[in-house]
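Reader: Before turning to particulars, I would like to go through this model carefully, one question at a time.

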Amino acid sequence: MVNRKPIDLLAARIKLRHLQIALAVRDAPTAKEVARHANISESAVSKTLAELEERLGFKLFERSGNSRRPTAMGAQVLPVMEALVARARSMAGIIVDVRSGFQGSLRVGVATDMGKLGLAPLIHAFNQAQPGIGLDVQTGGFRAMAELLQQDGLDALVCYDDHTLVSPELGRLRLAPPQPLVVVANARLSPLASRQSVTLHDLHGQPWCKPRPGTMMHAKLADLFLRAELDLPPRGIHVSDLLLTDEFVRSTDYLVMLPVAAALRLTAGLDAVILPIELGAHNPPTIVVWQRAHEWQPPLMRFLDFCRHRLGQEAASGAAAQ
């Protein structure tokens with residue numbers, strides 16, 4: 001069995017500076033040149049080399065006229081030293097990248113349909129700009145995602161603005177302003193699609209993809225019909241998945257209430273139409289929220305800075321278009 005103790009002791013006594021000087025002596029024509037590049041004195045070069053050779057137990061170099069050349073043992077270990085120095089430089093580069101946020105990981109939660117729509121291009125652009133940051137995107141209901149953020153299961157959460165997120169412990173950044181809510185119907189199958197005008201009573205008699213109870217959109221739909229002294233439409237299903245809702249609208253006569261940006265995705269393909277009724281309702285702003293205690297994490301700060309920069313560009317583009 002190999003006794004590892006002498007190996008461990010030798011490894012502990014050899015410093016990176018030893019290896020760097022030894023390689024510089026190998027590659028430079030004179031000790032003076034080594035000293036100049038290392039920004040130390042010639043005596044310090046000689047002392048460092050002598051210290052390394054004493055710890056190795058053999059000479060690395062021998063005199064050959066006015067220059068030095070590796071000894072037989074030196075020729076065997078110098079390439080290993082070169083590989084170690086290269087790996088140390090690589091490690092230093094990784095450390096700098098991690099420290100500055102160019103390397104690392106980021107966990108982003110999404111708890112809103114508008115967040116799902118807007119986050120894909122944002123994440124794609126961020127991933128292109130910061131390829132060294134691994135991204136883990138998770139979706140779920142607002143309460144579950146907000147709790148996950150509080151429990152350090154997420155670094156940032158994209159969601160609708162909510163009073164429970166107003167806290168000195170939480171940072172907040174608006175990603176998208178409120179949008180009008182509209183009702184979308186299948187262009188072929190819904191009996192309301194060809195109407196010139198539609199009332200809440202007309203909507204009440206149709207089948208719906210209704211938001212799940214307890215959600216913000218469920219409350220807004222209930223308030224909408226309450227204004228006309230109506231309960232929620234009795235026909236239809238409760239569904240919370242955006243893609244499944246899209247499929248119902250494209251293939252059935254179910255109605256759905258959506259922010260206008262989400263609705264325009266469906267109407268662009270002529271599968272659906274926005275019904276001619278003014279709801280007088282808006283969804284809340286879409287925000288990204290994070291724990292201020294975690295602002296020291298470089299990947300998080302790079303993501304937030306990227307969001308701010310992108311929002312600034314969009315604002316500038318909007319102003320130029322006007």
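Author: A definition comes first: contact means heavy atoms within 4.5 Å, and buried means under 20% relative accessible area with a 1.4 Å probe and protein chains only. This is a predicted model, in which local features need pLDDT of at least 70, side-chain atom pairs count only at pLDDT 80 or more, and totals for chains, interfaces and linings use all residues. Residues are numbered from 1 along each chain as its sequence is written, and side-chain values use heavy atoms, with hydrogens and water left out.

Reader: Which element has the lowest mean pLDDT?

Author: The pLDDT is the predictor's confidence in each residue, from 0 to 100, and the protein has a mean of 86, with 94% of its residues at 70 or more. Helices (H or I, at least four residues) and strands (E, at least two) are DSSP runs numbered from the N terminus. Strand β7 (residues 181-186) has the highest mean, 94, whereas the lowest, 79, belongs to helix α12 (residues 298-321).

Reader: How far apart do the C-alpha centres of domain 1 and domain 3 lie?

Author: Under an automatic or database assignment, domain 1 spans 4-100, domain 2 spans 114-175 + 288-315, and domain 3 spans 178-283. Between the C-alpha centres of domain 1 and domain 3 the distance is 73 Å.

Reader: Against which strands do the buried residues of α7 pack?

Author: In helix α7 (residues 142-150), Met145, Ala146 and Leu149 are buried. Because they cover an arc of only 100 degrees around the axis (taken from the directions to the C-beta atoms), they lie on the same side of α7. Their packing partners are β3 (104-110), β4 (133-139), β5 (156-160), β6 (170-176) and β12 (286-291).

Methods: Buried < 20%, exposed > 50% of the residue type's maximum accessible area, 1.4 Å probe, protein only.
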